[in-house]
Amino acid sequence: MIRLSTSIKSAILIATLSPTLVFAKTTLITNVQGYTITGSELESFAAIAFTDDKIDKIYSATDTLPSTKNLTVIDGKGKTLIPGLIDSHGHILNYGLSLLRADLVNSASEQDAVNKTLAYAKANAGLTWIQGRGWNQTQWPSNVFPHAESLDKHFINQPVWLKRVDGHAGWANSKAMALAGITKDTLSPEGGEIIKDKNGLPTGVFIDNAMALIDNSIAPLTIKQQKQVLVKAMDSLASYGLTSVHDAGIDTDNLNAFKELSQEQAMSIRVNAMLYLPSAKWQQTLANGQYRSKDDMLTFNSVKIQTDGALGSRGAALIEDYSDHPGHKGLLLNTPKEFEHLVNTSMRQGYQVNSHAIGDNANKLVLDTYEKQIKATNTKALRHRVEHAQVLRLEDIPRFAELDLIAAMQATHATSDKNMAQDRLGPSRMLGAYAWRKLLDAKVMIAAGSDFPVESPNPFFGLHASITRQDHSNSPKGGWFADQKMTPLEAFRSFTLDAAYSGHQENIIGSLAKGKKADFVLLDNNLFTMPEQNIWQVSVDKTWVNGKLVYQK
């Protein structure tokens with residue numbers, strides 16, 4: 001795989017009596033099975049022309065193509081061309097770091113995760129901290145959280161910190177806890193939990209806000225280091241056909257790193273950044289105002305606020321007890337008063353508010369607060385969002401449309417969670433969980449994403465899950481709660497035009513039309529004619545962003 005760092009369209013320099021003039025070169029891609037969304041319909045086309053970063057025209061199969069005399073012509077060889085895909089909820093820096101750390105995804109057991117960590121440590125000698133991500137105890141035979149002891153057998157003097165697949169729990173060894181000053185007497189912080197054994201000793205597992213106790217012992221990345229990681233991540237994301245990502249929760253330093261990359265024209269995909277609240281210097285960053293680069297590669301006009309944790313680590317805030325953990329209702333990461341303050345402050349300053357809510361209690365809190373503060377600030381037009389909207393009371397579903405809210409959802413969460421969600425929630429709460437069809441029928445817009453690196457960033461995994469409600473083994477037969485499936489067109493819209501709308505960018509990206517940005521992807525497979533169960537196997541041949549070829553297989 002290679003990344004092309006130079007544009008396929010170059011300027012023509014023509015010598016005249018006047019100073020040298022620079023003319024744009026138009027590129028025509030022909031012989032494609034093209035698809036885009038026009039209105040509420042899927043439109044097919046056979047060729048597309050673009051100049052610099054803008055689309056000139058798309059040509060149907062019956063249109064006469066222009067003379068190719070002064071054009072750069074690319075033969076699409078009958079492959080499928082679609083608008084660039086948009087992930088409305090990912091974490092670019094964390095994804096880049098995941099490419100550089102121990103990969104514990106699909107670990108078969110606690111010991112398997114330890115073995116993978118050992119292999120990573122041996123291959124990366126000299127690291128001060130061993131870090132990794134991806135373990136998921138619900139996929140292990142034990143189905144219980146891991147313990148520091150299993151790491152201590154191999155890592156006595158080197159700190160180890162391994163984050164759960166959803167990023168809402170971490171697993172530390174004794175050395176890491178010692179460096180962080182964690183003892184039997186350390187109390188769990190508000191919105192977090194230090195898991196302790198029957199003797200009151202920390203087991204090494206930290207939930208949600210308690211994770212900061214370990215995180216704060218690790219030296220933060222410099223801006224230069226962040227930029228290196230971000231470039232690696234963005235180049236990888238382009239290889240999946242993603243041309244734009246909404247980065248769901250960054251701090252001011254991370255935003256500044258993106259700004260430098262944008263100014264250096266070193267971004268291979270578009271980024272719509274959400275400032276995480278509360279984070280260091282957040283008030284000043286909001287006061288400094290919104291940001292949009294001249295080429296629209298970087299946009300900052302929104303914030304991300306987290307209300308609860310994740311279902312897998314039982315951090316999602318539920319109204320009633322967990323079905324598989326009596327006496328436990330999950331965690332609210334901010335008090336309702338603190339959350340309302342953050343929402344009000346952001347809305348008053350004109351920022352779109354995007355709030356993480358997994359459990360039904362967290363979603364109710366978000367809806368109640370939004371309803372009050374949207375009225376107080378008159379900001380319904382800002383298209384506020386609920387990130388995940390994963391477990392909803394049935395009576396709360398119509399409220400999304402009433403408040404003009406967008407549900408930013410991740411289809412692969414459903415196919416990943418299907419083995420544990422019913423245990424956590426019980427049958428009645430499942431009626432409002434991962435409820436895509438119920439939301440769509442209530443006229444609620446869904447903006448699709450993956451929540452990478454929690455899930456794979458591959459958007460074709462998400463399209464497949466949206467349409468089939470199945471994993472890659474076509475299980476369960478017919479689909480998990482199959483009545484909640486999306487149609488192929490709905491799923492495609494959720495990763496294109498609706499995702500663009502959720503970032504206030506539907507006029508420049510999300511579909512292919514004259515004057516829109518030249519963001520598109522050439523596929524080796526026809527997404528719309530292939531068997532639905534194979535959609536996750538779609539392969540990307542080329543990716544263009546802003547008229548530049550940024551990825552080629």
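Visitor: Which classes of residue make up the lining of the second largest cavity?

Guide: In this predicted model, that lining has 3 nonpolar, 4 polar and no charged residues. Ala, Val, Leu, Ile, Met, Phe, Trp, Tyr, Cys and Pro count as nonpolar, Asp, Glu, Lys and Arg as charged, and the others, including Gly, as polar. The lining consists of His 388, Gln 390, Met 409, Gln 410, His 413, Tyr 434 and Trp 436.

Visitor: What makes a space a cavity, and what makes it a pocket?

Guide: The search uses a 1 Å grid over the protein atoms alone. A cavity is a set of points where a 1.4 Å probe fits but cannot get out; a pocket is an open set with protein on both sides within 12 Å along at least five of seven lines; lining residues have an atom within 4 Å of a point. By this rule there are 3 cavities of 30 Å³ or more.

Visitor: What volume does the largest cavity have?

Guide: Its volume is about 50 Å³, and that of the second largest cavity is about 40 Å³. A volume is the space filled by probe spheres set on the grid points, which are joined across faces, edges and corners. Around the largest cavity lie Met 409, Gln 410, Ala 411, Trp 436, Ile 446, Ala 448, Ser 466, Met 486, Ser 494 and Phe 495. This lining has 7 nonpolar, 3 polar and no charged residues.

Visitor: How many residues line the second largest pocket?

Guide: That pocket holds about 1200 Å³ of space. It is lined by 46 residues, of which Val 105, Ser 416, Val 454, Glu 455 and Ser 456 are the closest to its centre. Two or more lining residues come from each of α1 (92–98), β11 (102–103), β12 (130–135), α12 (411–417) and α15 (459–468), and α12 gives the most, with 5. Such helices (H or I, at least four residues) and strands (E, at least two) are DSSP runs, numbered from the N terminus. The lining divides into 15 nonpolar, 21 polar and 10 charged residues.

Visitor: Why is α6 called roughly perpendicular to α7?

Guide: The axes of α6 (223–238) and α7 (252–263) come within 9 Å and cross at roughly 65°. That angle makes α6 roughly perpendicular to α7, because 65 to 115 degrees counts as roughly perpendicular, under 35 as roughly parallel, over 145 as roughly antiparallel and the rest as oblique. Axes are lines fitted to C-alpha atoms, for helices over the stretch in contact, with angles from 0 to 180 degrees between N-to-C directions.

Visitor: Which residues of α6 meet α7?

Guide: Ile 223, Gln 226, Lys 227, Leu 230, Val 231 and Met 234 of α6 meet Asp 253, Asn 254, Ala 257, Phe 258, Glu 260 and Leu 261 of α7. Contact means heavy atoms within 4.5 Å. The residues of this contact comprise 7 nonpolar, 2 polar and 3 charged.

Visitor: At what angle do α9 and α10 cross?

Guide: The axes of α9 (336–348) and α10 (360–377) come within 10 Å and cross at roughly 40°.

Visitor: Where is Pro 278?

Guide: Pro 278 is in the loop between β18 (270–277) and α8 (282–288), and the peptide bond from Leu 277 to Pro 278 is cis, with omega near -5°. Another cis bond joins Phe 452 and Pro 453, with omega about 5°.

Visitor: What conventions apply to the numbering and the values?

Guide: Residues are numbered from 1 along each chain as its sequence is written, and side-chain values use heavy atoms, leaving out hydrogens and water. Because the model is predicted, local features need pLDDT of at least 70 and side-chain atom pairs count only at pLDDT 80 or more, while totals for chains, interfaces and linings use all residues.
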